[in-house]
Amino acid sequence: MNGKQKITGWKDKILFTPGPLTTSRAVKQAMLQDLGSRDFKFIETVRQIRRDLLALGGVADAGYEAILMQGSGTFGIEATLSTITPPDGKWLFIINGAYGRRMNLIAGVLGLETAVLAYPENRKPNLLEIEETLAQDPAITHIGVVHCETTTGIINQVEAIGGIARRHGRVYFVDAMSSFGAIPLNVAEAKIDFLVSSANKCIEGVPGFSFVLARREALVAADGYARSVSLNLLAQWRGLEANGQFRFTPPTHALLAFAQALAELKMEGGVRGRYGRYQHNYQTLVAGMRKMGFTEYLKPEDQGPIITSFHYPDHPNFDFKRFYEALNARDFVIYPGKVSDADCFRIGNIGRIFEADVRSLLAAIADVLDEMGIVLGE
Ligand SMILES: Cc1ncc(COP(=O)(O)O)c(C=O)c1O
């Protein structure tokens, strides 16, 4: 009997990935219902989800709106960038990983003017440099940064950058895809105008839609700028406000699953409770991996509890594909690396996984190393 069967019984493979991730049985069961998109129960579910999202961001009564957008997280980012940028707008993207680069790519395809402050993937942005860039370039109207850069797991200083953005009167956008719901953040206090996340990350729903928390005044100010029909954030909001409905076919089952996921988040003690579990998963993981001789890519003080990048072990027998497949055969799914300048793989702590699951993964990794004839630290 392997560890997975002992602990959970019902689970398929355990996903140590940054989403899609392991969800609870009740979240999956919530999808066993067909609801029409005009059904009153469905419309009420959507209303409640939007209210809950505002509360999670600490902005229930702070002049913010929650907008749901079909598609994955990237669709939410593209909807926001393409909706809120005026014709003469200019973005400053603060980049230390693949998702920062993706924002810049989206803006480029949209034909938006951009500037970039790029940092190594294992470094946090330099706040002084951001301040200086804004002071020197009055053409910059919008700033974008990623909260948890899932490329490595680094946590960027979104509150401090928000303070700078507000002082300089710029619109502030945060990609909080892999952090929202698990890393405490008050959206208003962080001076965030637009924040994007998605259903299948720390709230532990299934894929199908992204969501945007938008400061109402900043959202309404974007009237007339949209460059897309389906990805028009303002029109989506107006549609939801008018009759509670999506403009186009909603991901009904994913929304029902999400409502259940939000209820489970509340039961866990909200963002703080979830942060505690992920932090514990992370600490268990890192302690076990270090004991086996693995080393992390990031300095511990920069590392968040969401996902950890580990260096490939320096051993002639190590082959990531074999390692991955051997773990997969034992029902543990880890994640390839995304770092550009080092050979790494990643292990996520998010999703319906607990200390016992992490310990089972560690035991499986030890077993696989043994099978591959790898003894680390020799
Ligand atoms: C920080 C961040 N931004 C954007 C994305 C893209 O999200 P999606 O793959 O759902 O489009 C991800 C996905 O992992 C992410 O972690």
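Start with the open sheet: seven strands in the order E2-E10-E9-E8-E5-E3-E4, with mixed pairing. Here strands (E, at least two residues) and helices (H or I, at least four residues) are DSSP runs numbered from the N terminus, and two strands pair if DSSP finds at least two bridges between them. Everything on this tour belongs to a predicted model, where local features need pLDDT of at least 70, side-chain atom pairs count only at pLDDT 80 or more, and totals for chains, interfaces and linings use all residues. Residues are numbered from 1 along each chain as its sequence is written, and side-chain values use heavy atoms, leaving out hydrogens and water.

Next, select residues 90-95 and 142-146. These are strands E3 and E5, paired in the parallel sense over four bridges. Look for Leu92, whose bridge partner in E5 is Ile143.

Stay in strand E3 and pick Lys90. Is Lys90 buried or exposed? Lys90 counts as buried, at 12% relative accessibility; buried means under 20% relative accessible area, exposed over 50%, and partly exposed in between (1.4 Å probe, protein chains only). Beyond residues up to four places away in sequence, Lys90 touches several others, including Glu113, Thr114, Asp137 and His142. Contact means heavy atoms within 4.5 Å.

Then show helix H4 (residues 73-84). H4 lies across E2, E3, E5, E8, E9 and E10, and runs at about 160° to E9.

Now bring up the ligand. Which residues are around it? Among them are Ser72, Gly73, Thr74, Tyr99, Arg102, Thr150, Asp175 and Lys201, each with a heavy atom within 4 Å.

- Gly73: a backbone N or O atom lies 2.9 Å from an oxygen atom of the ligand.
- Thr74: an N or O atom in the side chain is 2.5 Å from a ligand oxygen atom.
- Thr150: a polar side-chain atom lies 2.5 Å from an oxygen atom of the ligand.

Taken alone, the ligand exposes 390 Å², and the protein buries 87% of that. Those areas come from the Shrake-Rupley method with a 1.4 Å probe; for residues, only the protein chains shown count as cover.

Move on to the loop between E8 and E9, where you will find Leu185. Leu185 counts as buried at 11% relative accessibility, and its contacts include Leu56, His147, Val158 and Leu195. At 29% relative accessibility, Lys191 counts as partly exposed.

Compare Glu204 in the loop between E9 and E10. Its phi is near 70°, again positive in a residue other than glycine, while Glu204 is buried with a relative accessible area of 3%.

The peptide bond from Gly19 to Pro20 is cis, with omega near 0°.

Finish at strand E11 (residues 307-311), where four of the five residues are buried. E11 runs antiparallel to strand E14 (residues 344-348), joined by five bridges, and Phe310 has Phe345 as its bridge partner in E14.

Notes: Axes are lines fitted to C-alpha atoms, for helices over the stretch in contact, and angles run from 0 to 180 degrees between N-to-C directions. A polar contact is a pair of N or O atoms within 3.5 Å; within protein, one must be able to donate a hydrogen and the other to accept it, and residues adjacent in sequence count only if both atoms are side-chain atoms.
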